[in-house]
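Let's take a walk through this fold, one piece at a time. Have the model open and follow along.

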Amino acid sequence: KDGVVLGKHRKVHLFDIDIPGKMTFKESETLTGGSDVTTADVPVPGGMVRLGVGICYDLRFAELSLLMRNRGAQILCFPAAFNTTTGPLHWELVIRARAIDTQCFMCCCSPSRNPEGYPAYGHSIVVDPRGKVLAEAGHEPTTLLVDVPVAEVTEARQQIPIGFQRRYDVYRFEEASKL
């Protein structure tokens with residue numbers, strides 16, 4: 001609202017892959033990864049919602065999403081451009097896993113496929129805190145409008161309280177200290 005910047009995210013994990021015969025991509029040759037976990041409070045009708053933000057390859061790292069949840073995120077947003085090699089195998093699976101891991105809504109947008117450019121998988125998607133796909137686009141340009149009942153986050157977390165059942169006496173999950 002009013003053009004106010006509510007948060008800024010710099011992609012933490014750079015996409016450096018080599019799938020022989022299919023795709024090689026090295027973001028680290030031209031980019032530097034960010035070093036912050038990003039959440040922001042966003043005004044919505046009837047109150048506020050806390051968003052967590054990641055970019056593309058950040059989605060594959062459950063720890064980052066869990067830190068966003070620990071900071072109160074209810075919706076995690078990941079703009080991403082999975083390709084036609086990794087997309088069919090991992091896109092929906094990873095997004096649904098992050099929804100279940102964090103008990104957050106997942107809103108993940110992707111560019112549509114351009115046959116003459118980067119082979120984006122497409123398939124923008126919205127998933128609820130229990131891992132149910134609420135809407136999914138194909139690889140063509142489209143718009144998804146989805147009601148996101150944020151109260152379902154609290155309900156899911158009360159019904160299956162994984163946030164309180166973690167065994168910190170067996171394993172530790174700590175934020176890295178800033179250097």
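Which residue just after α2 takes a positive phi? That's glutamine 103, with a phi of about 55 degrees. Keep in mind as we go that this is a predicted model.

Helix α2 runs over residues 87-102, and at 1.5 Å a residue its 16 residues should span 22 Å; the end C-alpha atoms sit 21 Å apart, which agrees. Look at who is tucked away: Gly87, Trp91, Val94, Ile95, Arg98, Ala99 and Thr102 of α2 are buried. They take up an arc of only 135 degrees around the axis, so they end up on the same side of α2. Turn to the other side of the helix and you'll find Leu89 and Leu93, both exposed. As for what covers the buried residues of α2, the list includes two helices, α1 (62-70) and α3 (151-159), along with the strands β5 (75-79), β6 (105-109) and β7 (125-127).

Those strands bring us to the sheet. Six strands make up an open sheet with mixed pairing, and the order reads β3-β4-β5-β6-β7-β8. At the edges stand β3 (38-44) and β8 (133-136); each has a single partner strand, so one side of each goes without a neighbour in the sheet. From one strand to the next, the twist averages 20 degrees. Zoom in on β5 and β6 and you'll see them pair in the parallel sense over five bridges. Here isoleucine 75 stands opposite phenylalanine 105 in β6.

Last stop: the rings. The structure holds four aromatic pairs. In one of them, phenylalanine 15 and tyrosine 57 have ring centres 5.2 Å apart and planes at 65 degrees, so this pair is edge-to-face. Phenylalanine 15 comes from the segment before β1 (16-19), while tyrosine 57 comes from the loop between β4 (47-53) and α1, so the pair ties together parts that are 42 residues apart in sequence. Tyrosine 57 also pairs with phenylalanine 61: the ring centres are 5.3 Å apart and the planes at 80 degrees, so that pair is edge-to-face too. Put together, ring pairs link Phe15, Tyr57 and Phe61 into a cluster.

How buried or exposed are these three? The cut-off for buried is under 20% relative accessible area. Phenylalanine 15 counts as buried because its relative accessibility is 9%, and tyrosine 57, at 18%, counts as buried as well. Phenylalanine 61 has 25%, so it counts as partly exposed.

Terms used
Residues numbered from 1 in each chain as written. Predicted model: local features only at pLDDT ≥ 70, side-chain atom pairs only at ≥ 80, totals over all residues. Heavy atoms only, no water. Helix = DSSP H or I, 4+ residues; strand = E, 2+ residues; numbered from the N terminus. Expected span 1.5 Å × (residues − 1). Buried < 20%, exposed > 50% of the residue type's maximum accessible area, 1.4 Å probe, protein only. Arc of directions from axis to C-beta. Contact = heavy atoms within 4.5 Å. Pairing = 2+ DSSP bridges. Axes fitted to C-alpha atoms, helices over the stretch in contact; angles between N-to-C directions. Phe/Tyr/Trp six-rings, centres within 6.5 Å; stacked < 30°, edge-to-face > 60°.
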